[in-house]
Amino acid sequence: MKEVKLFLGPQHPGMHGNYSAHMYVEGDMINKSYALPGMLHRGFEKLMERRHWMGNLALIPRICVIEPDPNEMVYAMSIEKLAGIEVPERAHWIRMIILELARLAANLMAIGGIGAPVGLYTSVYWGVADRDLVLDIFEKITGARVYHMYIVPGGVRKDLPEGIEEEILGLLDYIEARLPEFYDLVMRSPIFQTRTRDNILLPEEVVWELGVTGIGMRSAVNKEYDIRKVKPYARYDQVAFSLPYGPYSDAFTRVDFKYVEMAQSISIIRQSIEKMPKEGPVRARIATGSALRWRVPPGMVYSCVESARGEYGYLVVSDGREMPYRIAVRGSSYPQGLLGVEKYLPGHRIDDASLWMDTMGVCAPEIDR
Amino acid sequence: MKNKSMFSPLKAWKYLVKEPVTIPKKMVFDEPREASDNYRGFHVNDWDKCVGCGTCGEICPTNAITMLPIEGLVESDGHKPERPAIDYGRCSFCALCVDICTSDSLAMSKEYIHISKDADTFYFLPDSKGIHQVEFDIAYNRDEVSELLDLNRYEIEEIPHEGRNQSFMELIKGYSKEMALAEASRCVECGVCTFTCPAHMNIPEYIRSVWQGDLKEGADWLYETNPLSNVCGRICTHKCETACVLGQRGEPVAIRWLKRYIVDNTPEGDFVEAATAKVSRQINGRVGIIGSGPAGLSCGYYLRTMGYEVDIYEEKELPGGVIRYGAPEYRLPEASVKADIDNIEKSGVKFITGTKVGRDISLEAMKNKYDAVFSASGYWIPKVLKIDNKDHPGIRFSPHFLAEARDFTRGMGPMPQFHEDVIVIGGGDVSFDVARTLNRFQRMKNGRANVRFIARKPEEHLAASREEVVEAKEEGVVYHLDRSPTAVLLDEKGTIYGVEVALCETVMDESGRAKTVCSEEKEIIYGTEVYMAVGNDPDFVYFPEAMLSRLKIDRNKIAVNQQGQVEGFPWLFAGGDIVRGPDIISAVADGHKAAVGIDEYLMSLK
Amino acid sequence: MNSMNKLVEELKGRFTLLEVLLPDQQQLIVDIDQMHLHALLSHLKATGFRQLSLLTAVDWIEENTFQLVYIVFNWDTGIHVLVRTKLPRDKAVFRTITGIYPGAQYYERDVHEFFGVAFEGNVMSFKPLFLELWDELPPMRKDFDPEAYSREKFPERPYVPQFVPKVEVVE
């Protein structure tokens, strides 16, 4: 049979962002493939070297569209470490609420979106619609739906609006009730099961070889490897939660784990609302003077958090001036999105390519930066 | 698949009666959803509050904000005639502009829909209405948490309050390096101060130098427009600080103290170099200057930088005028004055002291000797209040007394004579200089003081700067405010025993102007010596009669053109008090302007 | 932290480290010369640092060096080690670490594209990745000016303010 070159993306419903995989297919088997990023390259790392420490706030959330808040968090954490700033207690808890809400939003998009590559479009609408309810909360807290620019160096940008806790709790109850419906719709669907069970395997060696993190890693190496557990930031050491892990990672497990993680996120938010100080400062100044002249002491530091797709980190270098000297972004899905596509997408069928991208958690903007 | 019962498809039936999760497209436009109370929608800008400082454009990470000059707005103190225009093709709606807005004018509204095929419509000049001139509620606004300015000043070190009234030690010690950097980091570099500063000093630039730790560069900036930075760093009237945009919501940047930080901390060699580097060796012509006060010094220095030979004539023993014989030591130490004047001397200016124009050399002679003459003879004849017994020989006046005090503190004269119970009449800065100096002398000599201070106005309307009023009170000067002197009281032997005052009241009239009305009710304030410090007049005796009649003099001020040239006498320039009334920084500006004017005039003759 | 102290002691005993920094309790920065970097990484990988989290570079243009930063992670102790080494800027050639961490392949390609550092032994790293038809200096170098580049490559769109109102009140 003749080998045909096929482009998946950049414009394709099964593609996450403007990103493309070139596949050489024979029949419906992929023989060879490589990733073609760059369509989303916006030069963020370079731009950040030319903006004030505070001005970068407008850029960083845009690195990952689906889950922008980890970007803000790692950026803030890095500056706080460099400048030696204590973040106010209440701000830590607010940050946790925000980060977990963001994880919920991202996972809602994922458990809904997974319907697309298997042909279950209803779940896509559901996922987007329910994610919108989380965005409503974000809008009330931060003033924006997607790019919040809320977690800032030193704390959070504004205190929580009055009465938002009840609204969050109400939303959590709603999502909790919705999860079984999603599960019924997607996970119990025979089509979905056929397509995902024992398909798109991620063996432990591959995890270590590529550097895959997050759910992919936990489902393969049978350990609770989560940054929130291994090196807790904010106040994750003061809430109780446990994450799913297992020794066998197929597409189904990886989606299945998302449901468990969402339940954990819901639980973390509930605990945070209960445990957080009800008042107090939420932001510490990172330097004297106006934001145009904030300086961060010289140094290099790497900070990371657990995003919905795994370890998300920034390497921040300061030379003591009012702009960063260098910022390098470790997007969670960089390893699987590039090397993974090249080495492990071949051997699958064309119709599984989108499913592969989806369950491996490939997010194009964080690869491109 | 075993976990699915055969009835499970029935579950789907319940969704028939559920609301759909999607929204009809029609609704999006016909009934747009209201944004949250905190929403970062389109910008609104209150033009009445906006001062056009452009800080929003500085912080903008996407370069979306351009400051547009607006026809009809006029530049004034603390206001630029510009307003921010925002390119919504670039704006990322981060609201940093709102968080840093100095004047509290920018905010964001709940409006968020704008659709157009014309890209130009996305370039938008916000006012209090939105992009479509429809009013929406204000949504996102700055609060104290999201604040991006540093509104409070960093403390400057002062000598302890205890005992400061017993010596002439300088009150302000100055900023430490750390504090200076912190204070300098508050500046937003908008530059509205430059417009207001009479000398148009490069204030944002030298504050930036402090912030970057490059004091030599700072000193260079200072000498660009002001050769008396040591003096101005201490006793300038700092109009710039009144204009500073940080004063809109907080405390203005301590511009004067930062200038002082530069002069106090620049290594001497660098400082001298900053002063002399610009001086040109080439001789273009000769200029004579009458009076070595701030205007004369400034004019002489800038003429030297243009290559002129300069002689400054000074009646007194030392050059400096009011800075040498006026301001007291505790505000302006001799060493600071000397540093500035020495640098000017190093630039090649020649001082001819002890020589009074009109007495030792005539103006005619100067006209013949020099290509041009700059007169800055100042105000040295004290005004006398028109009250009973105003000509009594026991009444003393500020110029003479302060000069004596200065001579004493620099070790060039004895302590002036004074009584134990004294009365000072005034209200301006100079009268406080007199009162505080007397207070110190009395305590140094007698261990106690009795200085009574009389002024017509209440504390908040006094012409003197706020800190003078507060500090003099702390030091023990007794105030008798809202009192207008009517007579100096003499006993039968003809010696003074007090001042009779009428009780007054200052009220605001309809136009908001303060008006003082005095009643018939009188009261006596006791004291055996009276010091009058109610302003000075110029001494124009050196002008020949024929010339004086042709000069246009209005309320003691000589009329000159933009460059200080005296009307009808192209060779004669004037500046300082005799043109503008007393203010050191204005005098410096006059001197600089006149130097430029003289240069242009002399070049035009060639 | 105990495991951290042990790690520092152990590394100091085995390798000549140029500098050791501890930015926080679970992070270690070690500077090492080019010669011994591979040995150090191999050792780290064998002792639990199984994951390469990031490989990137910093352009210290004033010192005329590139600094390569290898971030490896031990999931059991939660310790990140930042292994750093410096290369002369004018001879920016180094050896690949794909033999130790295969996942470095694309990171090296990334660094090559954005900094111009060549990684011998990684043939793939010489191919372009993100930038298409790039004809300028590697863009993350400090001497590359993105503003000048965009001015040169893209037309400027003039602002035509047609909306500026006339203000009648003159103060």
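This is a predicted model: local features need pLDDT of at least 70, side-chain atom pairs count only at pLDDT 80 or more; totals for chains, interfaces and linings use all residues.
Colleague: Into which domains is chain B divided?

Modeller: Domain bounds come from an automatic or database domain assignment. Here chain B has domain 1 (24-124), domain 2 (153-278), domain 3 (280-380 + 541-606) and domain 4 (384-534). Taken over C-alpha atoms, the centres of domain 3 and domain 4 of chain B are 32 Å apart.

Colleague: How many residues of domain 3 of chain B are in contact with domain 4 of chain B?

Modeller: Two residues are in contact if their C-beta atoms, placed from the backbone, lie within 7 Å. In chain B, eight residues of domain 3 are in contact with ten residues of domain 4.

Colleague: How many residues does each chain bring to the contact between chain A and chain B?

Modeller: Chain B brings 33 residues and chain A brings 31 residues. Helices (H or I, at least four residues) are DSSP runs, numbered from the N terminus, and on the side of chain B that touches chain A, helix H2 (55-59) and helix H3 (96-100) of chain B each supply at least two residues.

Colleague: Why is helix H10 of chain B described as largely enclosed?

Modeller: A residue is buried if 20 or more other C-beta atoms, placed from the backbone, lie within 10 Å of its own. Nine of the eleven residues of helix H10 (residues 255-265) of chain B are buried, so this helix is largely enclosed by the rest of the structure; among the buried residues are B:Trp257, B:Arg260 and B:Tyr261.

Colleague: Where do helices H7(B) and H11(B) meet?

Modeller: B:Lys216, B:Ala219, B:Asp220 and B:Tyr223 in H7(B) meet B:Asp270, B:Phe271, B:Ala274 and B:Ala275 in H11(B). An α-helix has 3.6 residues a turn, so residues three or four places apart point the same way.

Colleague: Which residues have the most contacts inside the largest nonpolar core?

Modeller: A nonpolar core is a set of buried Ala, Val, Leu, Ile, Met, Phe, Trp, Tyr and Cys residues joined through C-beta atoms within 7 Å. The largest one has 326 residues, and those with the most contacts inside it are B:Leu96, B:Cys97 and B:Val424. Not counting residues up to four places away in sequence, B:Cys97 touches B:Cys56, B:Ile59, B:Cys60, B:Ile65 and B:Leu106.

How values were computed. Residues are numbered from 1 along each chain as its sequence is written. Chains are lettered from A and ligands numbered from 1 in the order in which they are written. A residue is buried if 20 or more other C-beta atoms lie within 10 Å of its own, exposed if 12 or fewer, and partly exposed in between; C-beta atoms are placed from the backbone.
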